[in-house]
Amino acid sequence: MSSRRNRLWRWIAGAVLALAALTVLAVVGLKIVFDRLPEYQQRVAVLVREATGLRLSFDSLDARVGPYGPEIYFAGARVVDPDGGVLVTARSGRASLAPLRSLWFRRLEIGRIVLESPRLNLLIFPDRHVELVGQAGFT
């Protein structure tokens, strides 16, 4: 009985190690792609736009492993409206990839988007109606 249990634990440990190795390979592969193919950065912005309906621009892009698996990290994030005005700025942000959906559909799929230290401006009127105003509205 104990040899069967030991064999099971070895299989579980092997599966966890294989998953960790695949995650590291995916992140290294994304870093190489981002460094060598700058147009791929725009593809990521399009993916974020498709997933959220928001237009995203950023200063730089990197790949890393986050709490939810592989993610795309962007510094100097800005959410812009269709006219080009900046609605929200953030120090940085990250888009977590959905590995199983990405494998199933054979393309990058975004699972979660987080903006770190976001800054947005709201106008609250006396009648309690609220409007989101772009960053240019307060300069």
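Colleague: Nice to have this one on screen. What share of contacts between residues at least 6 apart in sequence joins residues at least 24 apart in the protein chain?

Modeller: Among those contacts, 36% join residues at least 24 apart. Do keep in mind that this is a predicted model.

Colleague: Noted! How many helices and strands are there, and in what pattern?

Modeller: The protein chain has 3 helices and 6 strands. Along the sequence they run α-α-β-β-β-β-α-β-β.

Colleague: Let's go to serine 92. Why is serine 92 called buried?

Modeller: Buried means under 20% relative accessible area. Serine 92 has 0% relative accessibility, so serine 92 counts as buried. You will find this residue in strand β4.

Colleague: And what makes the pairing of serine 92 with tyrosine 73 a polar contact?

Modeller: The cut-off for a pair of N or O atoms is 3.5 Å. The side chains of serine 92 and tyrosine 73 meet at 3.4 Å, so the pair counts as a polar contact.

Colleague: Which residues is serine 92 in contact with, leaving aside its neighbours within four places in sequence?

Modeller: Tyr73, Phe74, Ala75, Gly76 and Ala77 are on that list, together with Leu115 and Glu116.

Colleague: Now to the surface. Which residues form the nonpolar patch there?

Modeller: Leu120, Leu122, Ile124, Val130 and Leu132 do, and together they have about 470 Å² of accessible area. Both β5 (110-124) and β6 (130-133) supply at least two residues of the patch, and β5 has the largest share with 3.

Colleague: Why is valine 130 called partly exposed?

Modeller: Partly exposed lies between the buried limit of 20% and the exposed limit of 50%. Valine 130 is at 47% relative accessibility, so valine 130 counts as partly exposed. Its place is in strand β6.

Colleague: What about the protein chain as a whole: what percentage of its residues count as buried?

Modeller: Of its 139 residues, 29% count as buried. The accessible surface of the protein chain is about 9,800 Å², and carbon and sulfur atoms account for 60% of that area.

Note on methods
Residues are numbered from 1 along each chain as its sequence is written. This is a predicted model: local features need pLDDT of at least 70, side-chain atom pairs count only at pLDDT 80 or more; totals for chains, interfaces and linings use all residues. Side-chain values use heavy atoms; hydrogens and water are left out. Helices (H or I, at least four residues) and strands (E, at least two) are DSSP runs, numbered from the N terminus. Buried means under 20% relative accessible area, exposed over 50%, partly exposed in between (1.4 Å probe, protein chains only). A polar contact is a pair of N or O atoms within 3.5 Å; within protein, one must be able to donate a hydrogen and the other to accept it, and residues adjacent in sequence count only if both atoms are side-chain atoms. Contact means heavy atoms within 4.5 Å. Patches are made of residues with over 30% relative accessible area and no salt bridge: like charges are joined within 9 Å, nonpolar side chains (Val, Leu, Ile, Met, Phe, Trp, Tyr) within 5 Å. Accessible areas come from the Shrake-Rupley method with a 1.4 Å probe; for residues, only the protein chains shown count as cover. A salt bridge is a side-chain nitrogen of Lys or Arg within 4 Å of a carboxyl oxygen of Asp or Glu.
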